Amino acid sequence: MMKQYVVTRPLYSEDAFTDAHEKIHRHHKTVRHHVKQYFTCDLKRTKNAALSLLPFIGWMRIYQLKEWLLSDIVSGVSTGLVAVLQGLAYSLLASLPPWYGLFTAFFPVIVYFFLGTSRHISVGKYCACVLLIIFASMAYLFPLLLSQLAMGLLQVGFIVMYLSDTLVSGFTTAAAVHILVSQLKFVLGLVVPGLSGPLSIVYTLEKIFVQIEKTNMCDLVTSILIMVVVFIVKEINDRYKAKLPVPIPIEVIMTVIACGVSYAFNFRVNYKVDVVGRIPVGYESPIAPNIQIFGQTAAEAFPMAIVGFAVAFSVAKVYSVKHDYIIDGNQVSPKTRTLGGGVGRQGGTEKCVYCCLTCISFGASNIIGAAFKSFAASTALSRSAVQESTGGKTQIAGLLSALIVMVVTLAIGFLLEPLPKSVLGAVVIVNLKGMLMQIREVPYLWRRDRPDCVVWLVTCLASILLGLDLGLAVGLGIELLTVVFRAQFPRCSVLANITGTDIYKDRKDYMSIYEPEGVKIFRIPSPIFFANIDFFRGKLVEAVGFNPLRVLRKRNKALRTIRKLLKKGKLQMTSKGLLLTSSGPIEESEDESNMEDLDQPTDFKELPVQVNWNSELPANIQVPRVDVHSLILDFSAVSFLDISALKGLKAALKELIRVEVEVYIVACDAYIKKKLHSCKFFDDEVKSSMFFLTLHDAMLHVLEKHPVNSENTKVCKKV
């Protein structure tokens, strides 16, 4: 048996509810007060600022040594081994010497340990950012990194909120395609120059297929073998991840085997295989940025900063929810949730602050790393997955992974010199599986949300053909257009009462509905603003079934004609109403001198009787019939109105009121009603008494004013 509840309360209009229930007066702070508060400094704010800039202090204070240390050690070692391999692979992807990748796996990680706001992400190379570096040049590196830092300091990290999951999915799929094509030259053992710009992927494929007969069979066989083995073992890792204490580090194992085989059979000399070659021992001296190139490269660097930050923010957010910690808005450091149950959530302020701190942490990490010739780092997706899945609890795991990379750089890097580049290319291609398989989202999106599907397809295709930087811009533009399209053309509906309840739903969706004759309920599920006010008015006309302005003009023209006929004695007042006394032709009034008067309320002055517009009029005067006496507008989904919308709404309401349709607005947001008052929306025709708390309050008020005749009651049971 379904549970029921019974509520007995008065019927409330907004005015009646305000009179019956006293509101709390809230004092709103002025802009001056906010500015003063922002620049006020005290001990508490100084402490919070220090904790914000050094978030590691926050989680170090709650570090559980016995429970977390062993997990962090295991995770750090596993992540470090993967970091070495990825460092070499992505250096080749960016057409840079391999040791640059080792630098990128060390310096940014160390800095992020102190400044980072996430416990679980692993800082390193993200393939999309590496591709953007290829399409630009290494000259853009410092502007890119300073762009990230500036975004944090200026608190504009909120920009990432405009990158939807759909857009990021299409963009990263395109990045995977670019990476796949860029690695073909290593897998096939061909010499192909790096290309950038629109259609660069087409030209690269052309250069590959032109010399396909020059393929190095040793490279090709080695790559296929590596890809098959790595793919199979990674599938085993995924299938049995619950039973395995740690994932099998198959990439590391195959790299060690490939190094040994290459060294034993001298692949470089005997089979002309391109190998990693000499890796310098130690680190290079730091360099200062070239200030002169900042202005020239800022436009190209900004998309890289956005992409890198977007990926970092998305991954960090996923792990913070999964491990149930939030970002504290005061000290902006990970803080374990103490409330039981529920998924960790972040409020708007915390998210914005977290975005800015993430920008600062990545910007600072990359600036220091770039001084030592590492390239742009973001969140390394696969390494982050390894760090989290192997039990990592904090960034101590990241610090240990950096130490592993340092050992390789300072002591045992020479062991990797015989490693074939085709092995690295094969490892990169296999790890693209997750990104490439995102294309399976397209059929689902097409069935569920076609505008989102268009965003995915356009972003992916544009990023493939035009390059990742231009593709991201195109995708963002299409995404914003879909938002505008949804807001400009919302799905308006006519509601009806579900029989026997106080619930109102779309009349097309339910079998048993109740619609009192002469009453229409119209709902618009979006804000009303300058771009959709005309659409709103058009849909409103469709809902009521007539154009109120046209009806008003027809009525006023009819009144002019009636006055003229009375003045000429062709109409007389009788007990049955107005009767025509002349049989001659009657011409409708076409006085064009006062056309503006036709839009004014009907005036029955100088007439002996008030005209019933729904009855038959004398002299064959024709006026459209209006069968609606009450219109209820559901504003529950209207979040704001701009000035253009206010003017359009008021004009629409006046047109309806002037043709004797009573208009009621329900569930209006208090902020909107306050704005209506401040903009002098109300007058002698449009009154504040038209506002009601709920649809049912308004409906009961209408039924009280216009009692329903049982013969005219409309109860529909659709078959």
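E655 counts as buried at 15% relative accessibility, where buried means under 20% relative accessible area, exposed over 50% and partly exposed in between (1.4 Å probe, protein chains only). The residue is placed in helix α26 (residues 643-658); helices (H or I, at least four residues) and strands (E, at least two) are DSSP runs numbered from the N terminus. Leaving aside residues up to four places away in sequence, E655 touches R537, P548 and L549, a contact being heavy atoms within 4.5 Å. The model is predicted, so that local features need pLDDT of at least 70 and side-chain atom pairs count only at pLDDT 80 or more, while totals for chains, interfaces and linings use all residues. Residues are numbered from 1 along each chain as its sequence is written, and side-chain values use heavy atoms, with hydrogens and water left out.

The protein chain as a whole has 28 helices and 14 strands. Of its 719 residues, 47% count as buried. Among contacts between residues at least 6 apart in sequence, 80% join residues at least 24 apart.

Helix packing was examined next. The axes of helix α10 (residues 165-188) and helix α19 (residues 421-430) come within 8 Å and cross at roughly 155°; axes are lines fitted to C-alpha atoms, for helices over the stretch in contact, and angles run from 0 to 180 degrees between N-to-C directions. The angle makes α10 roughly antiparallel to α19, given that angles under 35 degrees count as roughly parallel, over 145 as roughly antiparallel, 65 to 115 as roughly perpendicular and the rest as oblique. The crossing of α10 and α19 is left-handed, a term applied if the near helix is turned anticlockwise from the far one by less than a right angle, with right-handed used if clockwise. On the α10 side, I179, L180, Q183, F186 and V187 meet K421, S422, G425, A426, V428 and I429 of α19. The residues of this contact divide into seven nonpolar, three polar and one charged; Ala, Val, Leu, Ile, Met, Phe, Trp, Tyr, Cys and Pro count as nonpolar, Asp, Glu, Lys and Arg as charged, and the others, Gly among them, as polar.

Helix α10 also packs with helix α22 (residues 450-466), at an angle of about 30° and with the axes 8 Å apart. That angle makes α10 roughly parallel to α22, and the crossing is right-handed. The contact involves T166, L167, S169, G170, F171, T173, A174, V177 and H178 of α10, together with D452, V455, W456, T459, C460, S463 and I464 of α22. By class, the residues of the contact of α10 with α22 are eight nonpolar, seven polar and one charged.

Helix α22 in turn meets helix α23 (residues 468-488), the axes coming within 7 Å and crossing at roughly 160°. The two helices are therefore roughly antiparallel, and α22 passes α23 in a right-handed crossing. Residues of α22 in this contact include P451, V454, V458 and L466, and those of α23 include L468, L472, I478 and R486. The contact of α22 with α23 has eleven nonpolar, five polar and four charged residues.

In helix α28 (residues 695-705), L695, D697, A698, M699 and V702 are buried. The buried residues of α28 pack against strands β5 (493-498), β6 (504-506), β8 (519-523), β11 (630-634), β12 (662-666) and β13 (691-692). K687 lies in the loop between α27 (670-678) and β13 and is partly exposed, with a relative accessible area of 44%. The C-alpha atoms of K687 and V663, 24 residues apart along the chain, are separated by 9.8 Å.

A search of the whole structure finds 21 aromatic pairs. Rings of Phe, Tyr and Trp (its six-membered ring) pair if their centres lie within 6.5 Å, and planes under 30 degrees apart count as stacked, over 60 as edge-to-face and the rest as tilted. The rings of F103 and Y283, with centres 5.5 Å apart and planes at 45°, form a tilted pair. This pair links distant parts of the chain, since F103 belongs to helix α6 (residues 98-104) and Y283 to the loop between α14 (267-270) and α15 (294-322), 180 residues apart. F103 is buried at 2% relative accessible area, whereas Y283 is partly exposed at 28%. F106 and F107 form an edge-to-face pair, 5.0 Å centre to centre with 80° between the planes, and both residues are buried. One aromatic cluster is formed by W99, Y100, F103, F106, F107, Y283 and F372.
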